[in-house]
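Subject: The structure I promised you

Hi there,

Here is the structure we talked about, ready for you to open. Have a look around first, then read my notes below.

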Amino acid sequence: MRTLLPYGLSFVGVWSPDTPAAAEKLLTAHAALLGDASAPLMVATGAPAVARITSQFQLQKGPGGGGGACVTLDDSGGGHALAWLTLAGLQPVRVRACLSLTVHGGVTAAPVATAIEALVDEVCGEGVVFVLSGGGGGGASSSPVGAASGGAHVPPRFLAGPASSSSSSSGRGGGGACLSDVAAAGGDGGDGGHGGRAPGWPVDAAPMRLAPGTAAAAPTFEYDAVPSSAPVTESRVALELDALTYAPARAPLARLARDWLGPALAAQLRAAGAAILVVAAAHSAKPALAAAPGLRALRSCHFLPPGRAHHVCVLYPRLEAGEEADVVALAPYRRQLHTLLGLPLDRPALRPATRLTWAAAAAAGEGKQVRLPSVHVGLPLPGDAADSIHLVQGAYEYHHYMQDRFDDAGWGCAYRSLQTLCSWFRLQQYTAKPSPGHRDIQATLVRLGDKDKSFIGSSKWIGAIELSYVLDDYLGVSCKVVTINKGSDIPSHARELAAHFRTQGTPVMIGGGVLAYTLLGVYFNETTGDCAFLILDPHYTGGEDLTKIHRGTWVGWKRPGDSAAAGGPLFVNDAFYNFLCPQRPKEV
């Protein structure tokens, strides 16, 4: 089931329990994961089970009434937001299709609804089957439905629909195949889950129309309400649909298309129709654009917001020329979505650039060495009082000397610290920009007038002030600088630095003396004044080996007077230091 919300937002609904026993299985699986049977679970309930579930869960009725309901889940277990799917015997399925929608008679409610419903009948009606594969983890395809994809490995494919009992697109007999067989055939989606796949890793599905007596597929679906020669207004737009549904892993393929895949695709089509009308109305309200509102292309984006244990799908319109312009234009809409979903209003969670792609190599980027994320996780804490620990909020990547076969040993520590800071802003969805390279950083400082042209390509040091210039220019991030005249005075600023992590949560660059570090947290005991600093040291020159990094204290809690991982004092007593504290942008 999907619960549709205005402007193309939809929750992915779980299997509707038909009996109290089925509902009990779902509840037991979820409670086993979180250890708390009262934690809210998003569930679409059938009539026989609604009383049983309502007695334990706070349900919020979906728009339009009916028997369904949905709530969000507070994943107090942490880090296992989707593991409950496996325990409940559910498998995500991703249904993708490239469709062409033609509306005759103007972009108003009646013509759009007519065109959408006809397209629903076309892609979900008689003669349509769904091609299923285990999924390769790639992003949303821009190829037409049914088009072959390149690459040496093509996963086995199955057909779901009326024809699934006798054939599959790979020539394999469907027989009594079920959804879990498709997931198992997908192979290496990850560890755990169905068929060795990570929880939440979806099976791929795409609609195909079978001609009588053949298995040939039309590459796209199009619908024209009247002949193209008719003298009426015509608007055409491409719809790149990407729906997600949770289905029982043991669901037979013969039922899968009728009960889950077709309804998921139809629901997103109708959501697209509603979104098209909202966008057209908003577009027409602008005097400069009212003359030609037309249809706006839409893209389907999947997210797994923090603290949520189900996916959220948003249909975003393409309004402006460019990704960054759309981010700005859609900010009021995202704020509404954050309010609706109970997400923080001072940090992003639903930006298109950071949508889920299920692509294993997406984060690393082409030709880039994979960075270790959040390397401080797992370190022992320096004190017992939990309220005395103040840490970076969110993930980051560890950038250090010699990465990407670039020798910056002895001079590039501040550059590497800047790259770590930029990775934090990217991973928190404030930007899609990668961490800049050394030459990019130098070129930015030259362009800003801080350095002369000879600085580009050099091995000259930079400090906290230069980093603040780059962060402002590259990401639009402002910084606060805490200047400490002597290294021996740093402990007296522990309370101030702890407040930064409590309120901003960004990693801090430390510049001064002859070394630069990244500060990830502060331990400060208000009663005793005892303090320690969580230092990420960019001077490490080894490989991406977390055990070696921990043993060498290249990331670790350091107390006043401790030595740096590379040797020598961590803070020189008579040297001054600048602590560069990036300020978290208050935006969604």
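How many salt bridges does the rule give? The count comes to 16 salt bridges, where a salt bridge is a side-chain nitrogen of Lys or Arg within 4 Å of a carboxyl oxygen of Asp or Glu. Before you click on them, please note that this is a predicted model, in which local features need pLDDT of at least 70, side-chain atom pairs count only at pLDDT 80 or more, and totals for chains, interfaces and linings use all residues. Residues are numbered from 1 along each chain as its sequence is written, and side-chain values use heavy atoms, with hydrogens and water left out.

Start with Asp-259 and Arg-255, whose closest N and O atoms are 2.9 Å apart in a salt bridge. Both residues sit in helix H6 (residues 253-284), four residues apart, or about one turn of the helix. Helices (H or I, at least four residues) and strands (E, at least two) are DSSP runs, numbered from the N terminus. Asp-259 is partly exposed because its relative accessible area is 27%, and Arg-255 is partly exposed too, at 38%. The cut-offs are these: buried means under 20% relative accessible area, exposed over 50%, and partly exposed in between (1.4 Å probe, protein chains only). Arg-258 joins Arg-255 and Asp-259 in a network of salt bridges.

Next, look at Glu-587 and Arg-351, whose side chains form a salt bridge at 2.8 Å, N to O. Glu-587 lies in the segment after strand E17 (577-582) and Arg-351 in the loop between helix H8 (331-341) and E11, so this pair ties together parts that are 236 residues apart in sequence. Are the two partners buried or exposed? Glu-587 counts as partly exposed at 33% relative accessibility, whereas Arg-351 is buried, at 6%.

Asp-530 and Arg-559 make another salt bridge, with their closest N and O atoms 2.8 Å apart. Asp-530 is in the loop between strand E14 (515-524) and strand E15 (531-536), and Arg-559 is in the loop between E16 and E17, so the pair ties together parts 29 residues apart in sequence. Asp-530 is partly exposed, at 29%, and Arg-559 is partly exposed, at 29%.

Now for the cavities. A search of the whole structure finds three of 30 Å³ or more; on a 1 Å grid over the protein atoms alone, a cavity is a set of points where a 1.4 Å probe fits but cannot get out, and lining residues have an atom within 4 Å of a point. The largest cavity holds about 60 Å³ of space, a volume being the space filled by probe spheres set on the points, which are joined across faces, edges and corners. Its lining includes Arg-351, Glu-323, Val-327 and Tyr-430.

Arg-405 has a positive phi of about 55° although it is not a glycine, and it lies in the loop between strand E11 (389-391) and helix H9 (413-427). Arg-405 is exposed, with a relative accessible area of 86%. Thr-553, not a glycine either, also has a positive phi of about 55°. You will find Thr-553 in the loop between helix H13 (546-551) and strand E16 (555-558), where it counts as partly exposed at 33% relative accessibility.

Enjoy exploring!

Best wishes

Conventions:
On a 1 Å grid over the protein atoms alone, a cavity is a set of points where a 1.4 Å probe fits but cannot get out, and a pocket is an open set with protein on both sides within 12 Å along at least five of seven lines; lining residues have an atom within 4 Å of a point.
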